[in-house]
Structure formats: C-alpha cells, structure tokens
Amino acid sequence: MRRSSFSMLSDTVHRREMTVHVKKVFFCFLLIYLFLRRVLKGRSEEMNGKNMIELENVTKKYGTKTAVDNVSLTVREGELFSLLGVNGAGKTTTIKMLCCLTRPTGGRAMIDGHDTVKEASEVKALVGVSTQDTAIARNLTVEENLRFMANICLDPAKNDKAAITEHVEEIIRSFGLSEVRKTRSGKLSGGWQRRLSIAMAVIGDPKVIFLDEPTLGLDVLARRELWQEIRQLKKDRTIILTTHYMEEAEELSDRIAIMIDGRIVMTGTLPELEEKTGEKGLENVFVSVAEARRA
Ligand SMILES: Nc1ncnc2c1ncn2[C@@H]1O[C@H](COP(=O)(O)OP(=O)(O)OP(=O)(O)O)[C@@H](O)[C@H]1O
Ligand SMILES: [Mg+2]
C-alpha cells in the first residue's frame, strides 16, 4: 500500500520531534548526573579530606645515585603524615621536591592540585618548611629572622608594614618566643632554634608544612614542648614530618610511611602497620620492615 506524501511528511516531523525530545531528556539526565557527581565528590572530600599532596612515580637521581625511586603517595588534607627511614633513605629529598627546592627527574608531584615544577610559584605560596639545616640567619635576632621571613612570604600588595608587624607579633606569642625575641639566633640553644625554625615555617599561614626532623637532638622536655606546638599546627594544616624518634611518630602521626633505599615499602596507620607486620609498637614494626629488606 502506498503512503501519502502527507503521511510520510508527518512521520518525518514526528521522528524529528522524537529526536529533539530524546536529546532534551538526555541533556536533563546529563545535568542531573553532573550535579550529583559534584555533590557526592564534595561530600566524600568532606568526609575523607581531599588529597592535598600527591606523588605519582616520583624519582630523583643525583648522577648514578637514585635518592628517590618511583614513589607514589597521597596525603589527605589535615593529615599529619610521617616519613620514616634510616639515614639516606630519601626522606629529605622527597620533601625538597615537594617544596620546589629541587626538581624530580621523573614523575609528578602535586600540592593542592598544583604541579611542583609547572606551577612552582603557586606551590611555594602553599607550603612552609622547617629543614634539617635550618634556614635561620644566626646574626639576626629572633624577631629580625621572623620579620625577614614575613617580608619574603607575605604578599606586599595585601600586607602593609603594620600587617607584617601584627603577623610577626602573633607568631611570637603563639610560639612562646617573647623572652628570646631580642636574642641573636646563633646564641639560642638547639631547642629554641628548632622552635624558631618551625615558627618561620608557619609565617604566611601555609596550608602544608614540612617538618624535617624538627626535634633532632632536643632533650625530652624540649621535645615534648615542641610536640605541643606541632599538635596545635595540626588542627588546620597538612603536615609531613620526618623523624628518627619512633615514639614521636607514634605520638603525632595519623599515617606513616616507611622508606627504604628511596622506595616506600609500607604505608598505613600504626594499627594497620602492626597488623601487616604482626609486630607491636612502631619501633618493632620499623625494625622488622628494615631488617626484612636488608636480609
Ligand atoms: N645534593 C645531593 N647530591 C648527591 N647525592 C645526594 C644529594 N642529596 C642527597 N643525596 C643522596 O641521596 C640519598 C638520600 O638522601 P636524603 O638526604 O634524602 O636521605 P634522608 O632519608 O633524609 O636521610 P637522613 O635520615 O640522614 O636525613 C643519600 O644517599 C644521599 O647521599
Ligand atoms: Mg634527611
């Protein structure tokens, strides 16, 4: 039976309308999907913390020496993450790459979504670092060191002289540095120098702080005082800590990674590490992991 041209035209129009209708429905579903994905992502970030630090297959070679070997790692916002390892394991080199003090020779490191090589200035604005070889100028007083750092770290467009002074005073107060503020830093004891070094790392209110052996060589009381400072910092920042004191890592860390010969060989909370190794206490966990690798 032959169909009239009107009927064929009507079919074509109908089909076109259907196509438009399907497209509209598809578009609506797409919008709903994108909206839900965003809400759920936000929810899960709220619950778990977003990834503040990400390393993807990061490697650092010095000539033929591989200091950091293909390390992949994530640290969530607000975590205190400890990097443990014997001398020469690659902890300081990892930190140096994360705060743009040296470039990876392979892989990619990100802070809050910013690439440490391609977006170094954004990364530098996000991080503060207290290194093993402290960046304190020994001839300057405590106050002068802090002011010097504030002048470097604080954006001059947003901070006039009065704002810088106020920021420095706030740091002096919160780190209990008032009694040594006029003392030349080179004359401070090791404990005060460490405290000053951490205070300098906090100037500019960085989101991420790297503390490389912050309590090295301190007596028990000075170390515990600094733990208090670190606990205070931990409240609203992400911290990477290195230490050779196992009780310090036990006391302060949310998660721990053990590094051997430039590689991360185990990561987890203390109970997770204990379960993986069948050992009790971080020192026993660490020794068993390090000795198993050496054997
Ligand atoms: N600038 C450099 N040039 C050559 N080799 C380096 C350099 N910096 C570090 N290394 C080497 O890289 C390896 C890792 O050093 P790194 O300082 O990262 O170790 P670490 O885990 O921080 O050790 P420690 O606990 O002693 O501080 C070591 O073998 C070290 O000798
Ligand atoms: Mg080191």
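Two strands are said to pair if DSSP finds at least two bridges between them. Helices (H or I, at least four residues) and strands (E, at least two) are DSSP runs, numbered from the N terminus. The structure described here is a predicted model, in which local features need pLDDT of at least 70, side-chain atom pairs count only at pLDDT 80 or more, and totals for chains, interfaces and linings use all residues. Residues are numbered from 1 along each chain as its sequence is written, while chains are lettered from A and ligands numbered from 1 in the order in which they are written.

**Domains and sheets**

The chain is divided into domain 1 (1-48) and domain 2 (50-294), with bounds that come from an automatic or database domain assignment. The C-alpha centres of domain 1 and domain 2 are 51 Å apart.

Strands of a sheet pair through backbone hydrogen bonds, either parallel or antiparallel. Two open sheets are compared below.

| Sheet | Strand order | Pairing |
|---|---|---|
| Open sheet of 4 strands | 2-1-4-5 | antiparallel |
| Open sheet of 6 strands | 6-7-8-3-9-10 | mixed |

In the sheet of 6 strands, strand 6 (127-130) and strand 10 (263-268) stand at the edges; each has a single partner strand, so one side of each is left without a neighbour in the sheet. From one strand to the next, the twist averages 15°. Angles run from 0 to 180 degrees between N-to-C directions, and axes are lines fitted to C-alpha atoms, for helices over the stretch in contact. Within this sheet, strand 7 (residues 208-212) and strand 8 (residues 238-242) pair in the parallel sense over 5 bridges, and Phe210 stands opposite Ile240 in strand 8.

In the sheet with the order 2-1-4-5, strand 1 (residues 51-62) and strand 2 form an antiparallel pair over 8 bridges. Glu54 has Thr74 of strand 2 as its bridge partner, and Tyr62 stands opposite Lys65 in strand 2. The hairpin of these strands has 2 residues between them, and Gly63 takes a positive phi near 60° there.

**Helices**

Helix 2 lies across strand 3 (80-84), strand 6, strand 7, strand 8 and strand 9 (255-260), and runs at about 155° to strand 7. Helix 6 lies across strand 6 and strand 7, at about 170° to strand 6.

Helix 6 (residues 190-202) packs with helix 7 (residues 220-234) at an angle of about 10°, their axes being 10 Å apart. The two helices are therefore roughly parallel to each other, a term that covers angles under 35 degrees. Helix 6 brings Gly191, Arg194, Arg195, Ile198 and Val202 to the contact, and helix 7 brings Ala222, Leu226, Glu229 and Leu233; residues are in contact if their C-beta atoms, placed from the backbone, lie within 7 Å. By class, this contact has 5 nonpolar, 1 polar and 3 charged residues. Ala, Val, Leu, Ile, Met, Phe, Trp, Tyr, Cys and Pro count as nonpolar, Asp, Glu, Lys and Arg as charged, and the others, Gly among them, as polar.

**The shell around ligand 1**

Of the 12 residues around ligand 1, Tyr62, Ala67, Asn87, Thr92 and Thr93 come nearest. A residue is near a molecule if its C-beta atom, placed from the backbone, lies within 6 Å of it. The shell divides into 3 nonpolar, 7 polar and 2 charged residues. Strand 2 (65-76) and helix 2 (91-98) each supply at least two residues of this shell, and helix 2 gives the most, with 3 residues.

Note on methods:
Parallel < 35°, antiparallel > 145°, perpendicular 65-115°, else oblique. Contact = placed C-beta atoms within 7 Å.
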